[in-house]
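Open the model in your viewer and keep the selection tool at hand. Each stop below says what to pick and what to look for there.

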Amino acid sequence: MTGAYPFQVLGNAMRTTLTADRFTPGQQVLGLLSTVAYFDGPLGHLLLFKGGEPFRFYLQGRHEVGVAGGTAAGPYVVDLAAAGHSLVRSPRPAAAFPTTGHPDVLAYTSADGGTTWLPAAVTAVDWNAGTVTVDRPGNATRVAVYFTTGNGEFELRVVRPLGSDVSSAKLFGGALRSINETNQVNARSAPTFGSDGREYPLPPQFRLELAVRSSTPIPFDKYARHELSLPLFDTPIRVLDAARLNAEAELKLRGGTL
């Protein structure tokens with residue numbers, strides 16, 4: 001943005017990181033490209049994503065099953081593949097089984113029909129067959145498994161939900177299997193935002209959306225432990241001309257220059 005800015009800078013730009021806990025759950029429509037989570041640009045701040053910046057991104061799908069009454073406590077096999085899901089083993093470091101903290105597979109059980117959930121140990125995974133074995137207590141009537149999914153595709157995009165027309169800029173997108181199997185610690189293979197040299201502003205009330213097309217539910221809840229680490233720059237501002245700020249941001253999002 002050149003010339004007299006449509007905002008007053010109130011402080012230095014600070015490098016920060018946007019993580020999964022700062023996103024609001026969306027409304028996924030299975031099988032259609034739809035928003036599973038979003039983050040609205042806060043009032044009084046101008047956020048900026050820089051093209052070429054690497055980030056971390058692993059998404060968890062969810063599958064829940066009921067357990068017949070009278071089933072004995074002990075190992076319980078959840079067949080994700082039979083339910084149409086795709087289980088992915090990411091290259092992240094992981095503890096040996098049994099564990100309640102594996103980055104790619106988490107399990108929970110409920111004894112009250114799904115009102116409350118307690119962590120359960122995953123004792124074994126057959127990655128090829130797509131099955132997860134859970135240590136189930138005898139009173140549990142439901143078992144839920146969160147797993148790194150390879151089913152579907154995704155987009156990270158900046159949008160202006162309100163305006164004369166829909167403005168959207170895609171920061172990154174692709175197949176969930178591909179990104180979830182990528183070594184994101186290695187700078188050479190880690191995913192990066194947009195195009196090198198471009199800037200993607202997120203002004204106040206603009207929205208960063210995570211959209212997914214998948215037949216697997218991808219809830220943004222406290223159990224999923226999605227791994228998102230999106231670097232950005234945060235500048236405190238006072239908006240002087242909101243209409244002009246929004247118009248200039250839309251132009252930059254479309255790839256224009258000012």
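Select Thr 235 to begin; strand 18, residues 227–239, holds this residue. The model is a predicted one. Is Thr 235 buried or exposed? Its relative accessible area is 14%, so Thr 235 counts as buried, the limit being under 20%. Now show its contacts, leaving aside neighbours within four places in sequence. Val 9, Gly 11 and Ala 13 are among them. Gly 44, His 45 and Leu 46 also touch Thr 235.

Next, turn to the aromatic rings. How many aromatic pairs does a search of the whole structure find? The search returns twelve. Pick Phe 57 and Phe 154. Colour the two strands: Phe 57 is in strand 6 (residues 56–58), Phe 154 in strand 14 (residues 153–160). The pair therefore ties together parts that lie 97 residues apart in sequence. Both ends are covered: Phe 57 is buried at 0% relative accessible area, and Phe 154 is buried at 3%.

Move to Tyr 108 and Tyr 146. Here the planes stand at 85° and the centres 5.6 Å apart, so this pair is edge-to-face. Tyr 108 belongs to strand 9 (residues 105–110) and Tyr 146 to strand 13 (residues 142–148), so the pair links parts 38 residues apart in sequence. Tyr 108 is buried, with 5% relative accessibility. Tyr 146 is buried too, at 2%.

Ring pairs join Phe 57 and Phe 154 with Phe 49, Phe 55, Phe 172 and Phe 193 in a cluster.

Now look for charges over rings. Select Lys 50 and Phe 233: the charged end of Lys 50 sits over the ring, 4.7 Å from its centre. Then select Arg 92 and Tyr 58. Arg 92 lies over the face of Tyr 58, 4.0 Å from the ring centre.

Which strands form it, and in what order? Three strands do, in the order 8-12-11, with antiparallel pairing. Strand 8 (74–79) and strand 11 (122–126) are the edges, each pairing on one side only. Zoom in on strand 11 and strand 12 (residues 131–136), which pair antiparallel over four bridges. Finish at Val 122, which stands opposite Val 134 in strand 12.

Definitions and conventions. Residues numbered from 1 in each chain as written. Predicted model: local features only at pLDDT ≥ 70, side-chain atom pairs only at ≥ 80, totals over all residues. Heavy atoms only, no water. Phe/Tyr/Trp six-rings, centres within 6.5 Å; stacked < 30°, edge-to-face > 60°. Buried < 20%, exposed > 50% of the residue type's maximum accessible area, 1.4 Å probe, protein only. Lys NZ or Arg CZ within 6 Å of the ring centre and 35° of its normal. Contact = heavy atoms within 4.5 Å. Pairing = 2+ DSSP bridges.
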